[in-house]
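Please look over the structure below before reading the note.

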Amino acid sequence: MSTNTATVYIPRDTTALSLGADKVAAQLQNQQPNINIVRNGSRGLFWLEPMIEVATPKGRVAYGPVQPEDVESLLASDFLQGGSSHPLYLGLTEQIPYLAQQQRVTFARVGVTDPVSLNDYRAHGGLVGLEKALALQAQAIVDEVKTSGLRGRGGAAFPTGIKWQTVLDAPSDKKYIVCNADEGDSGTFADRMLMEGDPYCLIEGMIIAGLAVGADQGYIYLREEYPVAHAILNEAIACAEQANILGDNILGSGKRFNLQVRLGAGAYICGEETSLLESLEGKRGMVRAKPPLPAIVGLFGQPTIVNNVISLASVPDILAKGGEHYQEFGTGRSRGTLPFQLAGNIKQGGLVELAFGASLKTLLQDFGGGTRSGKPMRAVQIGGPLGAYLPEELWDTPLDYEAFMAIGAGVGHGGIVAFDDSVNLSQQARFSMEFCTIESCGKCTPCRIGSTRGVEVIDRITNDEQRSGSLEEREKQIELLEELCDTMVHGSLCAMGGMTPIPVTSALKHFPQDFLPNAAGNKAAQGADHA
Amino acid sequence: MTTTADSSTLAATLNSIIAEHQGLEGPLLPILHATQKALGYIPSEAVPVIAQQLQLTKAEVHGVISFYHFFRSHPAGNNTIQICRAESCQSMGSRELEANIKQRLKTDYHQTTADGEITLEPVYCLGNCACSPAIRVNDDIHGRVTMDKFEHILDELLTVAVELK
C-alpha cells in the first residue's frame, strides 16, 4: 500500500521540539508503523511549528501547526497523499509566501534535508566547495572569500577575507579554526537553526578555513544552553570522520583537519572572541586586551581564525559558486545575505534570509505580520541585548551595516525582537544594565562597576519625585546616566561594557516619556514603597 | 543525579573522568562538565584532585568553577528548571511568568524546592525566541509557556520521577 510507505518530515529542531514535535512523531509512528519518518531541520517558519511535510510527486506538502491530537484526523484525511482537505493543510512548502519570498543561500538546505545524512548533504550540493578548495592554493581560497565581500555575521561585521589573510600570513606550525557558536544574544537563533538543520555546512566551512590558512585543528565553542545542537553536531562529526571528510585524509587528499565541539558553561561574555579563547583554554572567560589580535596570537598563543557559525557556513557556497556570485546579493558594502530572525512579540516569528537592503518595516509587517498580542507594535530591539531600541519612525531604515550605524544602531547578528505597547522602555534600559552586572567578566571597571551604578541611576530617574528630589535633580540624574554611558562606551575593554549603553541611550532618546516617574510600570505609578 | 559521593567512589569517578579527558587541549572545562554530569555538582573535594592532576593551583580550578553560571558546587534538586529572563521572552510576558512560577514552586532562583525535586535557575536565552516565553526543564526546551502549560509540564515531570523510584 503506497500510503503506508509515505515519507513524512518532522523537524528535530529545538523550536519544533519545544512545541511537541517528538510527541507528534511518536503518535504518527505508532498509528502508522510503516511510515518513513525523516527528522529534518526546521524551515524556520516557527509560528507554524510543529510543521510536518509529506513527500508527493509534486513536491513536499506542509501541515501545521500539528499537535499530537491532530494525528488521528490527519491520517483519516488525505494527508498522506498531500491532500488539501485537512484544516492544517498549508500547501506546497516551497510556495508558502514567507518562504517563497526569501533568498535562501546559506540556509538553502536547512529544513530540507536530514541533518545527519551525508547522502542528503551531497545530493543537495554539499562538499562541492570543499572539493574545489582541495584543488586550490591557500591564497586562492582566501582570495575567493575576499571577493565575496563576506563580513563577520556574529555582529562585528569585520571582513572575513582580511581576517583569514592575517592568519594565513602569520608564520606558525600550529594554527586553529575556532567557531564561535556561543549565540547568547536574545532574539537570535540562526546559528542554532543552522547547526541543528545543516551541521555539515558548518563543518565543511571550517575545513575550508583550515585549508585556507594552514590549520589542522578546529573547535566549535557551543553554548551549553543548546543541548539539541550539541547532540546533532556530535552525530555529524562522527559521520564526517567515518566518511574521511574530517581526519587525516580529507576526501583522499592526504590533507588533515580535526574538529571537536566544546561546551561553554553559561557565560554570555564567552561570546566575545578573546573571552571565548580563554574559556577554550580552560580558564575563566576574562576578556583579553587587543592587540594582539587573535588572528596573530589566538588559541594557546597561536594564530587563530575566530568566526561566527553563519560566517563559516557561508563559505562552502562561496567556494562552490564563486565569490562573485555571493557578492551579487546585497547593497553598498553589505554583500550577500543575512538570516534575519523575527522574535519576541511577533505574529509570524521565524528565520528570514534576505539580501541586505530590505527595510525593517518589510520584515516586521510583510513577514512578521505585526505583533502576536494583536496590540500596536511600539519598539523593536535589533542586534541582541547590546542593540538599540528603535521607534516606528526609524523602521524604514534599510537593513545594511552602514545605514544602521548612521542611526546609532547595528544590524548585529540580525536578531529582531518586537515589543507591543505594553513595554516600558525604562525597564528595558534598566534590564540592559542589570544584565551587564550579571554577565560582565569583571576585568575592566567601566563595565563591572559602571553597570551597577547604571541600575542605580535609572532607578533614581524613574522613582517618584520624593526620592529623586526636584525636577532639576532628575535632570541631573539623566545627565549623570549619559555621562556614565559615555564612560562605558569609551573606557570598556570589549563590546559588553562598550555597547551596553546603546539600548540604554536609545531608550532614553526615543522613549523619554517612559523614564518619567508616573509612566506605567514605573515604581511611583504602582505606588511602591521606597522606604 | 545528586549522589553524595563518599571519598573512595569520588576518587574513582574523578580519576576515570580525568584520565578520559587529560589528552585534550584545554581539558579543564570538559572535566568539569563530565564531573557535574556524573555527580550532579562539583564537590569541593574534587577541586584539589583536579588541580593536582592538571598541574594547576586549587585557586585556579576554584576560580573557573565560580566564574561560570552553569557549574554548581552544591547538589541540585532532582530536576532543574531554567526560566529565560532575556528580552525576547520579556516581550511575551516572562516577567509575570517568572513571578508566577516562583510563587507556584515556593522557591526563588538558585534555590531548590522543599521536597528536593526542582532547582530553579534563570537563563539568558535558550534560542527559542520566535516562540517566547521559553523555559528549559532538564534538557527539554518548551516554548510559548503559560502557567497552564507549566502545570502540565510539572505534572508530567513529577509523575515520571515517582515511577522511576
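Predicted model: local features only at pLDDT ≥ 70, side-chain atom pairs only at ≥ 80, totals over all residues.

1. Residues are numbered from 1 along each chain as its sequence is written, chains are lettered from A in the order in which they are written, and side-chain values use heavy atoms, without hydrogens and water.

2. Chain A is split into domain 1 (2–100), domain 2 (118–327), domain 3 (330–420) and domain 4 (425–515). These bounds come from an automatic or database domain assignment. Between domain 2 of chain A and domain 3 of chain A, the C-alpha centres are 26 Å apart.

3. Contact here means heavy atoms within 4.5 Å. In domain 2 of chain A, 22 residues are in contact with 24 residues of domain 3 of chain A.

4. Together, domain 2 of chain A and domain 3 of chain A bury about 1700 Å², with 59% of it on carbon and sulfur atoms. Buried area is the accessible area (1.4 Å probe) that two parts lose on being put together, summed over both. A:R151, A:R153 and A:F189 supply 33% of the area that domain 2 of chain A buries against domain 3 of chain A, more than any other three residues.

5. One salt bridge (a side-chain nitrogen of Lys or Arg within 4 Å of a carboxyl oxygen of Asp or Glu) is counted between domain 2 of chain A and domain 3 of chain A. A salt bridge joins the side chains of A:R151 and A:E402, at 3.3 Å from N to O.
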